[in-house]
Amino acid sequence: MIVPRILSTGLYVPPTVLTNDELATRIDTSDEWIFSHTGIHARRIASDDQATSDLAVAAGRQALERAGLDPLALDLVLLATSTPDYLGFPSTASIVQNSLGAVNAGAMDLTAACTGFVYALETARAFIAAGTSRYVLVIGAEVFSRILDWNDRNTCILFGDGAGAVLVGPADGPAFFAPSLLRSDGSGAASLLRPAGGTRQPVAQSPSDLAVRMDGRKVYSFAITVVKDIILEILEKNDLTLDQVDWVVPHQANVRIVASAAQRLGLPLEKFYLNMERYANTSGATIPLALSEMDQSGLLKRGQVVVTVGFGAGLTWGANLFRW
Ligand code: COA
């Protein structure tokens with residue numbers, strides 16, 4: 001069987017920075033409250049003329065260039081996003097595929113909210129392991145700033161815009177990429193959703209019906225449990241122990257969620273890569289953005305054992321496990 005490996009990474013964040021202090025001039029909040037409750041100081045905001053595909057193309061192109069791979073060699077472009085350019089169709093992945101000149105590739109969006117990248121990376125792994133595809137570009141990209149109610153201090157402080165990408169292909173030497181764990185519990189759908197704009201409620205009664213609505217406490221309790229459990233489960237399934245893990249790359253929603261999981265696992269927080277302080281929660285983009293920063297700064301070294309953990313709306317959660 002072909003063993004897949006992440007061959008390269010790419011990232012793009014819009015240049016405009018929105019700090020907590022700037023937010024505090026518009027709504028009743030403060031840098032002190034936001035940072036102490038979430039670990040977030042700032043987020044990036046896409047310019048008016050940027051859509052999700054623009055961020056995705058920039059990140060995807062960088063991953064291809066860093067690998068020196070011709071876009072013509074791509075078999076598949078997978079885009080994890082909950083903020084597509086258009087509602088339903090065309091897929092944002094098709095727009096990205098065209099902009100990259102990946103004329104031999106299929107393309108599809110994958111929606112699993114903040115777990116989307118974990119699902120998409122597993123799809124790439126499975127397609128390559130099965131021999132269906134050779135090179136798959138997996139991108140997580142979001143423009144969450146467009147779907148927030150900027151008057152709702154419970155939600156608007158949490159999210160930001162950005163994109164990350166990984167190129168997955170056959171390993172040219174010894175490699176390890178375990179089957180991922182993908183989970184869902186739709187009974188929790190109401191705790192994090194956009195009420196209107198879909199077939200359930202096509203017409204919004206008020207503009208805020210089109211924005212993110214969240215029961216923060218419920219999501220928090222769900223997250224601290226599943227992050228710990230899924231890390232232990234994927235390690236156990238692959239006969240690995242916590243001390244053999246070099247890096248946990250968690251979804252960057254809230255540092256308190258990560259710290260709680262670290263404490264329950266008895267792992268030092270230093271094993272968890274964190275960048276929500278600068279970017280906030282970019283949903284499907286947080287994990288590939290983190291992997292790209294770690295790769296490009298030299299933190300990630302070939303052979304290291306990496307676990308990624310995603311969680312979010314659906315409710316969904318999941319984990320990938322591989323050697324870098
Ligand atoms: N600034 C200042 N005060 C705020 C505030 C803000 N941005 N948001 C809420 N508050 C206030 C509340 O109104 C409340 O005041 P009250 O006690 O007078 O009613 C108080 O702070 C506590 O609110 P609460 O909602 O209980 O805070 P919390 O400690 O649960 O933190 C979250 C709120 C959203 C940070 C936290 O629940 C969380 O992170 N949940 C998970 C969310 C998440 O990560 N979602 C994405 C998952 S993919």
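**Ligand site and backbone geometry**

An oxygen atom of the ligand lies 2.7 Å from a polar side-chain atom of Asn254, a polar contact being a pair of N or O atoms within 3.5 Å. The protein covers 73% of the 960 Å² of accessible area that the ligand has on its own, with areas computed by the Shrake-Rupley method with a 1.4 Å probe. The model is predicted: local features need pLDDT of at least 70, side-chain atom pairs count only at pLDDT 80 or more, and totals for chains, interfaces and linings use all residues. Residues are numbered from 1 along each chain as its sequence is written, and side-chain values use heavy atoms, with hydrogens and water left out.

Two further polar pairs involve the ligand. A polar side-chain atom of Arg153 is found 2.8 Å from a ligand oxygen atom, and a polar backbone atom of Gly216 is 3.0 Å from a ligand nitrogen atom. Arg153, Gly216 and Asn254, together with Thr29 and Arg217, come nearest among the 21 residues around the ligand; a residue is counted as near if one of its heavy atoms lies within 4 Å.

By residue class, the shell around the ligand holds eight nonpolar, nine polar and four charged residues (nonpolar: Ala, Val, Leu, Ile, Met, Phe, Trp, Tyr, Cys and Pro; charged: Asp, Glu, Lys and Arg; polar: the others, Gly among them). Helix 6 (216-237) supplies the largest share of this shell, four residues. Helix 2 (31-38) and strand 12 (305-312) each supply at least two; helices (H or I, at least four residues) and strands (E, at least two) are DSSP runs numbered from the N terminus. Domain 1 (4-170) and domain 2 (181-323) each contribute at least three shell residues, with domain bounds taken from an automatic or database assignment.

The ligand sits in the second largest pocket. A pocket is an open set of points on a 1 Å grid over the protein atoms alone, with protein on both sides within 12 Å along at least five of seven lines; a molecule sits in a pocket if more than half of its atoms lie within 2 Å of its grid points.

Backbone geometry was also examined. The peptide bond between Phe89 and Pro90 is cis, with omega about -5 degrees, and Pro90 belongs to the loop between strand 4 (76-80) and helix 4 (92-100). A cis bond also leads from Gly314 to Leu315, where omega is near -5 degrees; Leu315 is in the loop between strand 12 and strand 13 (316-323). Ala280, although not a glycine, has a positive phi of about 60 degrees and lies in the loop between helix 8 (276-279) and helix 9 (286-296).

Note on methods: Polar contact = N/O pair within 3.5 Å; in protein donor to acceptor, adjacent residues only side chain to side chain. 1 Å grid on protein atoms, 1.4 Å probe; cavity = no way out; pocket = protein on both sides within 12 Å on 5 of 7 lines; lining within 4 Å.
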